[in-house]
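Me: I'm new to this one and would like a quick walk through it. Can we start with the terms and then look at some parts?

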Amino acid sequence: MNRTKVLLAAAILAGLALSAKAANLPSDPPVVLIQNATILTVTHGIIEHGSILIRDGKIAEVGKDIKAPSGAEVIDATGQFVMPGIIDCHSHIAIDGGVNEGSISVSSMANIKEVLDSDDISIYRDLAGGVTEANVLHGSANPIGGQTIVIKLRWGQPADKLPFEGAVPGIKFALGENPKRSNFSIPGMPKRYPATRMGVEESIREAFVEARDYKNAWDTYNKKVAAGEKNLIPPRRDLKLEPLVEVLEGKRYVHAHSYREDEILMLLRVAKEFGFKVQTFQHVLEGYKVADEIAAAGSYGSTFSDWWAYKVEAYDAIPYNMALMTRRGVIMSVNSDDAEEATHLNQEAAKSMKYGGLTHNEALRLVTLNPAIQLGIDKWVGSIEAGKDADLAIYNRDPLSAYAVVQKTLIDGKVYFDRAKDIAGRAKLEQEKKALLEKEKKAGEKKPEGAGKKMEPKPEAKPGEKPKPPSDSMAGGASPVNAAPVAGGAQ
């Protein structure tokens with residue numbers, strides 16, 4: 001494929017993405033009323049034939065017989081179900097480039113916020129699955145990985161409008177096979193430390209020894225400044241250690257990729273040693289074995305519904321994990337770790353009713369209030385209550401049914417996904433796609449300049465003959481590459 005075709009193919013993809021965005025940019029009504037719905041509040045039961053009044057992006061009122069104020073946009077949800085928007089506690093969408101800075105064992109200076117990609121089509125697809133928030137994580141190549149960020153899936157908005165205002169920032173830790181890199185190696189490259197599970201533990205411990213000393217140095221300096229001392233030299237800034245100091249100060253959450261029970265206990269011991277908390281154990285496939293210890297530490301778990309035996313350290317995973325840990329007092333959520341999986345997290349939550357007997361509301365909490373608590377955003381989202389953000393998903397059936405399909409997804413009271421509009425706009429997008437493909441085809445049929453011309457054979461130099469001097473057009477040391485353009489600027 002030549003360069004022209006590559007550029008046109010890229011233009012087709014970009015054009016379709018921009019068209020999809022333009023077709024789905026939400027309106028900004030000050031007042032919205034959703035009426036005649038079955039409302040799954042999560043915290044205050046189920047309201048049949050209920051209404052939700054939204055003002056300026058916030059839920060103003062929830063109940064029955066709410067009258068539409070003058071000028072309000074009314075959404076008739078007769079026969080439909082409204083639930084809080086789904087919150088994915090482990091996501092890798094909306095990242096420009098790779099998710100891992102895997103060249104070193106501690107990459108805490110790397111920050112996902114700096115590479116957010118608001119054009120990632122996975123944002124729109126996850127909206128179509130009822131997802132309104134996602135915890136976008138660094139990968140699991142390092143014992144201590146990069147900084148993480150919670151976003152709202154505001155499709156069509158620039159990257160700086162995605163972060164969830166007020167959410168506590170996080171950092172990714174990882175235990176087991178991934179950070180010790182037992183599953184792969186790069187030919188010709190030396191193995192990176194650590195290469196064992198004990199090395200993973202010591203990498204984390206060593207980093208926090210340094211962070212503690214760094215914090216003490218700054219604390220001492222700040223005390224002297226406060227006491228009025230002059231001519232002080234501040235400690236040298238360390239971008240690797242600053243996020244770890246925030247962990248020690250409780251200002252940054254630790255989200256730890258984990259599988260085996262022994263490693264979960266190891267990280268709990270290291271956290272206790274340095275006085276910080278592991279906010280969530282991600283995946284936590286053997287968490288059911290040490291649920292009491294996790295609960296006692298005040299940590300949470302975010303797991304898969306029924307993934308197991310896809311690698312050696314996942315052999316003891318069971319689908320009852322969510323329910324068993326919930327019964328032992330651990331606040332649990334179910335996550336995706338995958339853009340496609342996120343489109344049906346409602347069904348992943350429903351599996352906990354089959355595997356372990358969680359109630360309907362307990363299952364709903366796995367993708368709403370519980371991940372909101374885990375991410376420190378539960379005062380804004382996670383349940384349908386007056387004063388919270390109007391981040392909602394409207395389904396045609398009970399969301400825990402395998403037949404449920406999202407009809408609308410709202411963020412801040414604005415409709416960011418509308419199934420009816422999406423379907424109606426597909427024919428236009430298909431026409432745009434055909435037109436762009438036709439352009440590509442025609443461009444490919446054009447012959448490049450000089451095509452078909454017969455090349456004159458270059459005369460062979462005679463033995464002993466000196467090369468001819470350059471022509472006048474090349475005088476002054478110019479070459480065909482950097483020769484001055486002809487008059488008028490054409491080249």
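Reply: Helices here are DSSP runs of H or I with at least four residues, strands are runs of E with at least two, and both are numbered from the N terminus. The model is a predicted one.

Me: Ok, where is aspartate 391?

Reply: Aspartate 391 lies in the loop between α11 (369-374) and β14 (392-395).

Me: Buried or exposed?

Reply: Aspartate 391 counts as buried, because its relative accessibility is 4% and the cut-off for buried is under 20%.

Me: Which side chain does the aspartate 391 side chain make a polar contact with?

Reply: That of lysine 152, at 2.9 Å.

Me: What else is aspartate 391 in contact with?

Reply: Leaving aside neighbours within four places in sequence, its contacts include Pro84, Gly85, Thr132, Glu133 and Val381. Valine 381 is 10 residues away in sequence, and the C-alpha to C-alpha distance is 6.9 Å.

Me: New topic: strand β12. Which residues are on each side of it?

Reply: Strand β12 covers residues 300-303, with Tyr300 and Ser302 on one side and Gly301 and Thr303 on the other. All of these are buried, and both faces are covered.

Me: How many bridges join β12 to β13?

Reply: Three, and the two strands run parallel. Serine 302 stands opposite serine 333 in β13. With helix α8 (residues 321-327), β12 and β13 make a right-handed β-α-β unit.

Me: And in what sense do β11 and β12 pair?

Reply: Parallel, over three bridges. Phenylalanine 281 has glycine 301 of β12 as its bridge partner. The chain goes from β11 through helix α7 (residues 291-296) to β12, in a right-handed β-α-β crossover.

How values were computed
Residues numbered from 1 in each chain as written. Predicted model: local features only at pLDDT ≥ 70, side-chain atom pairs only at ≥ 80, totals over all residues. Heavy atoms only, no water. Buried < 20%, exposed > 50% of the residue type's maximum accessible area, 1.4 Å probe, protein only. Pairing = 2+ DSSP bridges. Right-handed = clockwise from strand over helix to strand, strands pointing away. Contact = heavy atoms within 4.5 Å. Polar contact = N/O pair within 3.5 Å; in protein donor to acceptor, adjacent residues only side chain to side chain.
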